[in-house]
Amino acid sequence: MHTPHSRSVGGGNAPFWLVCQTAIKHQKKKKKKKKRKSTVNSKMHRTVPSLPLAPSMKVKLINAGFQVASDLTDMRPLQLCKEAGISQEEAVEVLQVLRDDGQPHQQRAATESLTALDLLHQEQALGSIVTFCSALDDALGGGVPVGKTTEICGSPGVGKTQLCMQLAVDVQIPVCFGGLGGKALYIDTEGSFLVQRVADMAEAAVQHCTLLAEDTEQRQALEELTVEKILSNLFLVRCHDYVELLAEVYLLPDFLSEHPEVRLVVIDSIAFPFRHDFEDLSQRTRLLNGLAQQLIQLATQHSLAVVLTNQMTTRVSNGQSKLVPALGESWGHAATQRLILHWEGLRRLASLYKSPSQMEATIQYQITVQGFRDAPDEPRTTPDSSAVSSPSGNHSKRPRMEDLS
Amino acid sequence: MASKKLRRTGVSAELCERLKRHQLETCQDVLSITPVELMRLAGLSYSAALDLLRLLSKACAPAVSSAWDLWRKKGELCFSTSLPALDRLLRGGLPRGALTEVTGPSGCGKTQLCIMLSVLATLPRSMGGLDSGVIFIDTESAFSAERLVEMAQARFPEFFSVKERLLEMASRVHLFRELTCQDVLNRLERLEEDIIACRAGLLILDSVASVVRKEFDTSLPGNLMFRSNLLGQEAGVLKYLSQAFCIPVVLTNQITTHVGEKVHCPQWNQADVSTEEDSGFVTAALGNTWSHCVNTRLIVQYEDTERRQIVIAKSPVAPFAMLSYTVQKEGIRLEGNENPESVLNQGTDPGLQPIRVRTGFIYNLSQATPSTC
């Protein structure tokens, strides 16, 4: 690229510095041209088959000779209509799709970019939902984070539903007490949501806040915080199979626009409807992936925390059977954070198994009459390398340095 | 509902035809494919495909309510078992709208408990009953109508002194005998009509395990998965029926030997710990997946010569607890619980909770009946 320009400037005899100067000028000009087109380039080179149009439409456009999106930009609707043999409304639709490129989101991302500092401010502003178990809150970095999906796996009876119900109550703690003051949506697929228990937890949370109230603002907020209000702000949906669950998730954007104060969506559990109705496991994987993507999109767009509950399944390998999280290996990538609850003798332990920002840790908790709380022993927050055995024999997890020592 | 036909949801007839050519006829078919696949099969643009999915979702999705609506119907949340200590722990009784499992060794009282609950369900509301019919699906032919009548008369002598009431109670219990897995599944799928016809307020399936264990040999490869699938399907249907009609569902299960190291059990009497630590221990059957499916698990086990225990092993509302009882003429009678132990905040995995079985018999010649040792 460098050489042809230098030839045009002075043949083979021009002084080197002049050649370089001119070449650099040419390059700069080229770069400038590139910059102007950079936002438009990606759109213009897009081929027609990749546009989000109906297949029959794409076939007609290709037959009329339009290969790339840039061929279509300067067309007028009537002209396009005649050349491609499509109706006038369809021509307008095609041109509109080109202008938005299907997703205004994508275009915005091409022009603006977020710096990590902006993200840091955003993340700090989003906050997290406390679990009332201080050890777990420390391990999670404050609580269940808003704007991310968290998966809770565990054996039966270990406390997944209890933790979800506790979070649904805790998200409503007023802002002046350090909570989010938001509402919650609980999607129940198993039938384990029993309202008497939530009422107990709500009562205990109100009492906890009463003990903490110091100034007038907090006391005022406390007057409005009653068990009745907490239960009214907890929306409940009961899904019986995976179709109802998928339908509910497709309708979530509309629901969240109507109720913008919702800060938590719980799906308890996501495993049950997907574990027994599928012969075609690849279809199940596709649906689960689509679901995971929709949920993370909702979490970021509407600033809410999404909590999913998963079950455990027995995997037999080399004659030994181990308990691993259900729904397959590929589901392990779906959630941002993964928490595994397990039994060890008489104790209940929670292990943070996957997190982009927190260290792996195992802590003990217990379920009391008031709900999800710390265990009476010293809460452990350091990563456990000694006696606690690996919770689920997850072969794909490579051992950490602490485990090896 | 998921099986709603497309043409009833407001989708244009022409689009219905196009989808029918690809075997997409119900909401379930369309919602089971991804938007990109739908785009390709239906010949729609991406945004039109999403609109179609949203339209179908509106037709299928369940309604949103709030916990407060549920709390206001407090009186209809539970079915009292007439055992006060158990009701107190379960915050009212067996939950309506969820599955309750009773598991334990043979002869411990599972079927007796089921028969007792059947009597209770037919009682009028003033006496704590549901004033409704009972559907009893019996797979072991263990149901005895004589025992039902005997129990009713012994438990509520004044109420059932009138013979008509006794006959009416007996006529409200509807018995179905199913002997294979497929029969049970077929019966469950048609049960909606029966529940409406019998005006049933309680559904009992005794037992889930016997048919499944007869037909599935889990040592063969693949059978474990088939069995889990079948159990999952049964659980799905039962949960739907239980929630739609707001009725309690009681299932019974059997026990199996778990080979492996012994799991610690709270309040295990040290003197009774078996000396053979590594021989395995007895626990609930049907595996881990089934332990996830049931919402409440009650384990019945032997405590000593005379008494047995109910253990609340898994419950969304109750802590881990043990209550002693005996089986009498009037059914289950709680006794020996004068000192209720403090609420334990511990527990074990309900799928691995060790269960005590009868360890032997002593035949005492002076008494006519055998007793345990």
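This is a predicted model: local features need pLDDT of at least 70, side-chain atom pairs count only at pLDDT 80 or more; totals for chains, interfaces and linings use all residues.
User: Is B:Thr296 buried or exposed?

Analyst: B:Thr296 is found in strand E11 of chain B, which covers residues 296–302. A residue counts as buried when its relative accessible area is under 20%. The relative accessible area of B:Thr296 is 2%, so B:Thr296 is buried.

User: Which residues does B:Thr296 touch, not counting residues up to four places away in sequence?

Analyst: Contact here means heavy atoms within 4.5 Å. With residues up to four places away in sequence left out, the list includes B:Lys314, B:Ser315 and B:Pro316.

User: How are H8(B) and H9(B) oriented to each other?

Analyst: Helix H8 of chain B spans residues 145–155, and helix H9 of chain B spans residues 163–172. Their axes lie 11 Å apart and pack at an angle of about 135°. Angles over 145 degrees count as roughly antiparallel and those from 65 to 115 as roughly perpendicular, with under 35 being roughly parallel and the rest oblique. H8(B) and H9(B) are therefore oblique to each other.

User: Which residues in H9(B) are met by residues in H8(B)?

Analyst: The H8(B) side of this meeting consists of B:Leu148, B:Val149, B:Ala152 and B:Gln153. The crossing of the two helices, H8(B) and H9(B), is right-handed. On the H9(B) side, the residues met are B:Leu166, B:Met169 and B:Ala170.

User: How far apart are the C-alpha centres of domain 1 and domain 2 of chain B?

Analyst: Domain 1 of chain B runs over residues 6–60. Domain 2 of chain B is written as two stretches, 74–259 and 278–342. The C-alpha centres of domain 1 and domain 2 of chain B are apart by 42 Å.

User: What percentage of the residues in chain B is buried?

Analyst: Chain B has 14 helices and 16 strands. Its accessible surface comes to about 17,000 Å², and carbon and sulfur atoms hold 50% of that. Of the 373 residues in chain B, the buried share is 53%.

User: Among contacts in chain A between residues at least 6 apart in sequence, what percentage joins residues at least 24 apart?

Analyst: Chain A contains 16 helices and 13 strands. Chain A has 405 residues, of which 48% are buried, and it exposes about 20,200 Å², with 52% supplied by carbon and sulfur atoms. Among the chain A contacts between residues at least 6 apart in sequence, the share joining residues at least 24 apart is 63%.

How values were computed: Residues are numbered from 1 along each chain as its sequence is written. Chains are lettered from A and ligands numbered from 1 in the order in which they are written. Side-chain values use heavy atoms; hydrogens and water are left out. Domain bounds come from an automatic or database domain assignment. Helices (H or I, at least four residues) and strands (E, at least two) are DSSP runs, numbered from the N terminus. Buried means under 20% relative accessible area, exposed over 50%, partly exposed in between (1.4 Å probe, protein chains only). Accessible areas come from the Shrake-Rupley method with a 1.4 Å probe; for residues, only the protein chains shown count as cover. Axes are lines fitted to C-alpha atoms, for helices over the stretch in contact, and angles run from 0 to 180 degrees between N-to-C directions. A crossing is left-handed if the near helix is turned anticlockwise from the far one by less than a right angle, and right-handed if clockwise.
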